[in-house]
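The model comes first, the notes after.

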Amino acid sequence: MPTQFGPEYVRAIAPYQAGKPIAEVAREFGLDEAAIVKLASNENPFGVPDSARAAMLQAASDIGRYPDANGFELKAALAERYAVPADWITLGNGSNDILEIAAHAFVRQGQAVLYAQYSFAVYALATQGVGARAIVVAASDYGHDLPAMAAAIDADTRLVFIANPNNPTGTFIPAAQIEAFIRQVPAHVVVVLDEAYNEFLAPEQQYESAAWVKQYPNLLVSRTFSKAYGLAGLRVGFAIAQPALTDLMNRIRQPFNVNSMAQAAAVAALNDGAFLAKGAANNAAGYRQFTEAFAALGLEYVPSYGNFVMVRVGDDDGAGARVNLALLKQGVIVRPVGNYGLPRWLRVSIGLPRENAVLIAALTKALA
């Protein structure tokens, strides 16, 4: 039987479930696509910045040729931004690609990967994909318990994933606590600091983890252009690490994993400070809009530092699925998190003010 092909640990993987596309919801419920509001996948509600769109159009004239496999211009721009040598940067097909490459580069079958309960689902998938053993440390207030994680590292641990801010719960770890944790980790264990939502932090919470890479050879910082920069559909991510790590990652990275238009768009978006500022302001206002509404509805929510909020919509384990279905029928797409062991909760992305208002009205009706 074909199902007998491949390693048992691969056959055991439950594929990643992405947020429902608008077209699928329209077909399933007989709705008008134009009226559907999608707040499920933490996408940028402003879409692609004009600067990136223009760069893409220019790059489109040459897409009959392969992209620059080394991503020279994008790496140069990132190197300047983060004050590191260009050969300390690895490009990925989104930061998801970076996480997968790290697991394949640093972990052998049977070794261990450590991550927190309620952290990004891809950590578990990447661990299973290489036949590694998962060490899952219980969360503290829906976030990372770093002292417990440090204590859980064993002789076979080769990789630790930390998400900051964390998806799907939105929790945040102050910089001093993260650096103290990295300092405790044995030198042969790679720490992947996943900062997909870093740009949404308030100025007083911002810190520069790229500077830590110079001090800690076992640290790898992962970033993405999918969220704050509005390039989710283009799939651009990158890692910053010392050459000993980037060399291994580049040995197994697909040579053309970031296409020409994506590279050009990322260079333009990286330097579009006005677009980032507009997104940050909208995110802060939308967070207030959501949390005030949730409080008025008597709903518990986890304080979030990303561009989403996780909200509890009932007291039974069927609540998340039930309310999610009620929202879908009204043309509002959010993200159930039952697969994270949180069946009473939904994760709601922050959209434009009008989109947020539609969600609030639909949720009020669904809970009535």
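Among contacts in the chain with a separation of 6 or more, 74% join residues 24 or more positions apart. The model is a predicted one. Its chain holds 14 helices and 13 strands. The radius of gyration is 20 Å, close to the 21 Å that the globule rule gives for 368 residues, so the chain is as compact as a globular protein of that length.

**Extent and burial**
- The C-alpha trace spans about 55 × 55 × 50 Å along the principal axes of the chain.
- Of the 368 residues, 51% are buried, that is, under 20% relative accessible area.

**Surface and charge**
- The chain has an accessible surface of about 16,000 Å², and carbon and sulfur atoms contribute 54% of this.
- Side chains in the chain include 28 positive and 32 negative ones.
- The centres of these two sets of charges are 3 Å apart.

**Helix α3**
- Helix α3 runs over residues 50–60, and its buried residues are Ala-52, Ala-55, Met-56 and Ala-59.
- Viewed down the axis of α3, these buried residues fall within an arc of 105°, so they line one face of the helix.
- An α-helix has 3.6 residues a turn, so residues three or four places apart point the same way.
- Helix α11 (260–270) is included in what covers the buried residues of α3.
- Asp-50, Leu-57 and Gln-58 lie on the other side of α3, where they are exposed.

Terms used: Residues are numbered from 1 along each chain as its sequence is written. This is a predicted model: local features need pLDDT of at least 70, side-chain atom pairs count only at pLDDT 80 or more; totals for chains, interfaces and linings use all residues. Side-chain values use heavy atoms; hydrogens and water are left out. Buried means under 20% relative accessible area, exposed over 50%, partly exposed in between (1.4 Å probe, protein chains only). Helices (H or I, at least four residues) and strands (E, at least two) are DSSP runs, numbered from the N terminus. The arc is that of the directions from the helix axis to the C-beta atoms. Contact means heavy atoms within 4.5 Å. The radius of gyration is taken over C-alpha atoms; the globule rule is 2.2 Å times the number of residues to the power 0.38. Accessible areas come from the Shrake-Rupley method with a 1.4 Å probe; for residues, only the protein chains shown count as cover. Lys and Arg count as positive and Asp and Glu as negative; His and the chain ends are not counted. The place of a charge is taken as NZ of Lys, CZ of Arg, CG of Asp or CD of Glu.
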